[in-house]
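I opened the notebook to go through pockets and aromatic contacts. The entries below follow the order in which I looked things up.

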Amino acid sequence: MEGEAALLQATSGEVAKDGSTYVVLRWEAVDDVIGYNLYRRVAGAPPRRRAPINGRTPITPPTTGRRFREIVEDGSPEWLALAHGFGTLASETKGLALHANPAERFEQGLTPEEMRLVRAGAQANLAMGRAAGLAYIDRAVKADEHYLYELRGVRNGQREQSRALA
């Protein structure tokens, strides 16, 4: 890994039935990074020091059942896949067949094996990407505008790294 920041480019467009515009960004996990900050600027505009568009809190997997339910709807295919996957992982370690509640697992803190399962699903599904802390929906954009995004990794101690995420 060369560093902990990446420059992403996106063009917004009207994609929702109500005419609203948004940009979906997804990325892969980087070892030793606990979260991500995302910066946006209009293409061609000079870089300026700004606050991340995700606010003061880095983008991470949810740590409460309530927040998890805002991302993954109870009973959805993603919910059921995680319930089955988490239950399978638990049965392998405890020797019993379990049906795990994904919201409760996120609330208690995922094991490394559970996080690997969520990250695997994140590559194919937006809800899973958001549950893994590896996706963001930017709703504060204008249609047909060109944007540059910078993704910066956050390590323990909430310190951003300035090198490029590879």
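Which charged end sits over the ring of Tyr-39, and how many Å from its centre? I found that of Arg-152, at 4.3 Å from the ring centre. I note here that the model is predicted.

I then looked up another charge over a ring. The ring of Tyr-22 has the charged end of Arg-139 over it, 4.9 Å from the ring centre.

Aromatic pairs. I counted 5 aromatic pairs.

Are Phe-68 and Trp-79 buried or exposed? Phe-68 has 0% relative accessibility, so I listed it as buried. Trp-79 is at 5%, which also falls under the 20% cut-off, so I listed Trp-79 as buried.

I next took the rings of Tyr-147 and Tyr-149. Their centres are 6.3 Å apart and their planes stand at 50°, so this pair is tilted. Tyr-147 is buried at a relative accessible area of 4%, and Tyr-149 is buried at 0% relative accessibility.

Which residues form an aromatic cluster with Phe-68? I wrote down Trp-79, Phe-86 and Phe-106, which form one cluster with Phe-68.

Largest pocket. I read a volume of about 360 Å³ for the largest pocket. Its lining has 20 residues, and those nearest its centre are Ile-34, Pro-61, Met-115, Arg-119 and Ala-132. Strand S3 (35-42) and helix H4 (112-122) each give at least two residues to this lining. H4 has the largest share, with 4 residues. Sorted by class, I have 12 nonpolar, 6 polar and 2 charged residues in the lining of the largest pocket.

Second largest pocket. Here I read about 280 Å³ of space. The lining has 15 residues, with Ile-59, Thr-60, Arg-67, Ile-71 and Tyr-136 nearest the centre. Which element supplies the largest share of this lining? I found S4, with 3 residues. Helix H1 (65-71) and strand S4 (135-138) each supply at least two residues of the lining of the second largest pocket. By class I noted 8 nonpolar, 5 polar and 2 charged residues for this lining.

Conventions
Residues are numbered from 1 along each chain as its sequence is written. This is a predicted model: local features need pLDDT of at least 70, side-chain atom pairs count only at pLDDT 80 or more; totals for chains, interfaces and linings use all residues. Side-chain values use heavy atoms; hydrogens and water are left out. On a 1 Å grid over the protein atoms alone, a cavity is a set of points where a 1.4 Å probe fits but cannot get out, and a pocket is an open set with protein on both sides within 12 Å along at least five of seven lines; lining residues have an atom within 4 Å of a point. Grid points are joined across faces, edges and corners, and a volume is the space filled by probe spheres set on the points. Ala, Val, Leu, Ile, Met, Phe, Trp, Tyr, Cys and Pro count as nonpolar, Asp, Glu, Lys and Arg as charged, and the others, Gly among them, as polar. Rings of Phe, Tyr and Trp (its six-membered ring) pair if their centres lie within 6.5 Å; planes under 30 degrees apart count as stacked, over 60 as edge-to-face and the rest as tilted. Buried means under 20% relative accessible area, exposed over 50%, partly exposed in between (1.4 Å probe, protein chains only). A charge sits over a ring if NZ of Lys or CZ of Arg is within 6 Å of the ring centre and within 35 degrees of the ring normal.
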